[in-house]
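Welcome, and please take a moment to look over the sequence and the structure below.

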Amino acid sequence: MLKTIIHEATHAYQHEQVSLYKALDDKSRNLLMFYDVSVYAEEFANYQDGKSDYWQYYGQKIESDA
């Protein structure tokens with residue numbers, strides 16, 4: 001149960017990173033802490049839930065990082 005809570009909390013953090021990233025100027029978006037955030041934003045916009053293809057779901061960076 002703890003593993004699931006941590007996993008979902010990581011998704012909440014990823015969502016917050018994407019929101020912050022979208023509000024920043026281009027110079028600030030180049031900070032190291034936002035290295036993967038453009039990928040997160042793209043994957044959240046085109047989220048694969050795993051119903052039709054588990055490997056597409058599992059291969060998403062947002063899932064592997066969480």
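## About the model

This is a predicted model, in which local features need pLDDT of at least 70 and side-chain atom pairs count only at pLDDT 80 or more, while totals for chains, interfaces and linings use all residues. Residues are numbered from 1 along each chain as its sequence is written, and side-chain values use heavy atoms, with hydrogens and water left out.

## A network of charges

Let us begin with the salt bridges, where a side-chain nitrogen of Lys or Arg lies within 4 Å of a carboxyl oxygen of Asp or Glu. The count comes to 2 salt bridges. One of them joins Lys-61 to Asp-36, with the closest N and O atoms 3.7 Å apart. Lys-61 belongs to helix α5 (residues 61-65) and Asp-36 to the loop between α2 (26-29) and α3 (37-45), so this pair ties together parts that are 25 residues apart in sequence. Helices here are DSSP runs (H or I, at least four residues), numbered from the N terminus.

Lys-61 also forms a salt bridge with Asp-65, and here the closest N and O atoms are 3.2 Å apart. These two residues sit 4 residues apart in helix α5, a separation of about one helical turn. An α-helix has 3.6 residues a turn, so residues three or four places apart point the same way. Together, Asp-36, Lys-61 and Asp-65 are linked in a network of salt bridges.

How open are these residues to the surroundings? Relative accessible area sorts them: buried means under 20%, exposed over 50%, and partly exposed in between, using a 1.4 Å probe and protein chains only. Lys-61 counts as partly exposed at 25%, Asp-36 is partly exposed at 22%, and Asp-65 is partly exposed at 32%.

## A cluster of rings

Next come the aromatic pairs. Rings of Phe, Tyr and Trp (its six-membered ring) pair if their centres lie within 6.5 Å; planes under 30 degrees apart count as stacked, over 60 as edge-to-face and the rest as tilted. The whole structure holds 6 aromatic pairs. One of these is the tilted pair of Tyr-54 and Tyr-57, at 6.0 Å centre to centre and with 45° between the planes. Both belong to helix α4 (residues 54-58), where they are 3 residues apart, or about one helical turn.

Tyr-54 also pairs with Tyr-58, this time in a stacked arrangement: 5.8 Å centre to centre, 20° between the planes. Along helix α4 these two are 4 residues apart, about one turn. Tyr-54 is partly exposed at 45% relative accessibility, and Tyr-58 is partly exposed at 48%. Ring pairs link Tyr-47, Tyr-54, Trp-55, Tyr-57 and Tyr-58 into a cluster.

## Buried residues and their neighbours

Which residues does Glu-63 touch? Glu-63 is found in helix α5. Leaving out residues up to four places away in sequence, its contacts (heavy atoms within 4.5 Å) are His-7, His-11, Tyr-47, Tyr-57 and Tyr-58. Glu-63 is buried yet has no salt bridge, and the nearest side chain of opposite charge, Lys-3, is 11 Å away. For charges, Lys and Arg count as positive and Asp and Glu as negative, while His and the chain ends are not counted.

Gln-17, in helix α1, is buried at 10% relative accessibility. With residues up to four places away in sequence set aside, Gln-17 touches Met-33, Phe-34, Val-37 and Tyr-40. In helix α3 the buried residues are Val-37, Tyr-40, Ala-41 and Glu-43, and they pack against α1 and α5.

## On the surface

Met-1, Leu-2, Ile-5 and Ile-6 form a nonpolar patch on the surface, with about 500 Å² of accessible area together. Patches are made of residues with over 30% relative accessible area and no salt bridge: like charges are joined within 9 Å, and nonpolar side chains (Val, Leu, Ile, Met, Phe, Trp, Tyr) within 5 Å. The areas come from the Shrake-Rupley method with a 1.4 Å probe, and for residues only the protein chains shown count as cover. Ile-5, one of the patch members, lies in helix α1 (residues 2-23) and counts as exposed at 52% relative accessibility.

Finally, Asp-53 is in the loop between α3 and α4 and is partly exposed, at 30%. Asp-53 and Met-33 are 20 residues apart in sequence and 30 Å apart in space, C-alpha to C-alpha.
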